[in-house]
Amino acid sequence: MHELSIAVAVVEQVEEAVRDQGRAVASLTLRIGELAGVVPEALDFAFALATEGTVLAGARLLIDTVEGRGRCEGCGREAPTGMPPVLWCTGCGATLTLLGGRELEIVRVVLADGPPGAESAEDGPRPAVAGLPTRDEEAGHVPHR
Amino acid sequence: MCRTVDLHQAVLARNDENALALRGYLGDRGTVAVNLLSSPGSGKTALLEQLLARAVAAGVPAAAVTADLATENDATRLARSGAPVRQILTDGLCHLEAGMLRRRLEGWMPEGTRLLFVENVGNLVCPASYDLGETLRIALASVTEGEDKPVKYPTAFGLAQLVVITKTDIADAVGFDREAFLRGVEQVNPGVPVLETSARTGVGVDALLAHVLRAADGEEAHVPVLAREHERYLDSHDHGDGTGPHVHDGDHGHGDGRGPSSGGRGRHDDVPGAAPVPAETGGNAP
Ligand SMILES: [Zn+2]
């Protein structure tokens, strides 16, 4: 499962994006298509691991799931592809054009009031754990076991 | 107050950028990469050994890198073909990435290499998400794996430009339902070519090499439905051939190629003048 690799890539990009802000991250929104090959539940779990000790520690992960949708090139019918997807038209048999479902995108970050490590009212950041995923390109990959 | 930073970055942006650079690096050397995806035990290594041997015999400069979790057995087998082979030990990691592959190629790949076969880690989930700068992506399944393989792994088979069935010499013995397999392939990847091969009897190996060589000579490869959506984003960075089954989407980097923190205060806010926009579900919003 590569969700931890994905989570580490997300953390890395967000850290870079908010580096100069001096604030903790309160929440992070991802857009994930049904057909992106990523399992949201697994990503949720991986996110908690990948954020430990980072500016994202304790941040809420919000996932916008995008349905797989296709439009028939033959009859113009639009419909969900389902999962696993059926990528030809069940009406006329022509091949579909994908309208959505492959998204794998960091949409936005909401910053907290205070710097990383400050207590917030609702849920304080998790304690930092030293030595967890800093991703240099080689070391950031995740065992598949 | 909370502050919202809109990013709209593809999660795999870095790999996509590395893959783009790797595609250029290979192109400069006249090398065409073929990315091979399969489960462990699919017979991919045996088939690749045959393929390399035939390429060598035909005078086509071919080389291979093989990614393995921990052992060098595959490289040893492949080297019997007479082609240059390099092992990439991933130490248990589940997929190859473009930057990792590039570093292994630099200083190793023989000059004049025409075909570079990349035997990805034996796994049909994780490698599917990572573009390796390949010109042709092949998903393989053996007749022993069951006919529902393509539907079980729709990303791997759905993004393939060629599907290869292996070990067809024992198809009858194991009761392989060929029609069901082909229906599954057609469901997730309409129109993708399928080749049936046996490394033991040699059936289909020449056809496979011919297919690879046609792709190398610039014949347009199949573009899977799952990969097509990507084309609408191609304007954000020129991919040249535009045929690779990249998996990223989104207008990452907004075309300027810089990190989003360059302004020091985030990119911009969605609504001009209405700076702090809480996320819609913002439980942490004040
Ligand atoms: Zn139709």
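A pocket is an open set of points on a 1 Å grid over the protein atoms alone, with protein on both sides within 12 Å along at least five of seven lines; lining residues have an atom within 4 Å of a point. The model is predicted: local features need pLDDT of at least 70, side-chain atom pairs count only at pLDDT 80 or more, and totals for chains, interfaces and linings use all residues. Residues are numbered from 1 along each chain as its sequence is written, chains are lettered from A and ligands numbered from 1 in the order in which they are written, and side-chain values use heavy atoms, without hydrogens and water.

**Exercise 1. Describe the second largest pocket and its lining.**

Step 1. Take the volume. The space in this pocket is about 350 Å³. A volume here is the space filled by probe spheres set on the points, with grid points joined across faces, edges and corners.

Step 2. List the lining. It has 22 residues. Nearest the centre lie Gly37(A), Val38(A), Val39(A), Met83(A) and Thr155(B).

Step 3. Assign elements. Strand 1 (25-33) of chain A, helix 5 (149-152) of chain B and helix 6 (154-158) of chain B each give two or more residues to the lining. Helix 6 of chain B gives the most, with three residues. Helices (H or I, at least four residues) and strands (E, at least two) are DSSP runs, numbered from the N terminus.

**Exercise 2. Work out the geometry of the zinc site.**

Step 1. Find the donors (N, O and S atoms within 2.8 Å of the metal, or 3.2 Å for Na, K and Ca; water is not among the atoms, so sites may look incomplete). The protein donors are the SG atoms of Cys72(A), Cys75(A), Cys89(A) and Cys92(A), at 2.3 to 2.4 Å from the zinc ion.

Step 2. Check the angles. The donor atoms subtend 96 to 121 degrees, so the arrangement is tetrahedral. Four donors count as tetrahedral if all angles lie between 85 and 135 degrees.

Step 3. Read the spacing. Along the chain the donors follow C-x2-C-x13-C-x2-C. Cys75(A) sits in the loop between strand 3 (69-72) and strand 4 (78-80) of chain A, and Cys92(A) in the loop between strand 4 and strand 5 (96-100) of chain A, 17 residues apart.

Step 4. Check accessibility. Buried means under 20% relative accessible area, exposed over 50%, partly exposed in between (1.4 Å probe, protein chains only). Cys75(A) has 46% relative accessibility, so it counts as partly exposed. Cys92(A), at 42%, also counts as partly exposed.

**Exercise 3. Is helix 4 of chain B enclosed or open?**

Step 1. Count. Six of the eight residues of helix 4 (residues 98-105) of chain B are buried, so the helix is largely enclosed by the rest of the structure. They are Ala98(B), Gly99(B), Met100(B), Leu101(B), Arg104(B) and Leu105(B).

Step 2. Find the partners. These buried residues pack against helix 1 (13-28), strand 3 (62-68), strand 4 (85-89) and strand 5 (115-119) of chain B.

Step 3. Look at one residue. Gly99(B) has 7% relative accessibility, so it counts as buried. Its C-alpha atom is 5.6 Å from that of Asn18(B), 81 residues apart along the chain.

Step 4. Leave the helix. Just after it, Gly107(B) takes a positive phi of about 80 degrees.

**Exercise 4. Summarise the folds of chains A and B.**

Step 1. Chain A has two helices and six strands, in the order α-β-α-β-β-β-β-β from the N terminus. Of its 145 residues, 50% are buried.

Step 2. Chain B has nine helices and eight strands. Of its 286 residues, 57% are buried.

Methods. Tetrahedral: all angles 85-135°; square planar, octahedral: opposite > 155°, others 65-115°. 1 Å grid on protein atoms, 1.4 Å probe; cavity = no way out; pocket = protein on both sides within 12 Å on 5 of 7 lines; lining within 4 Å. Contact = heavy atoms within 4.5 Å.
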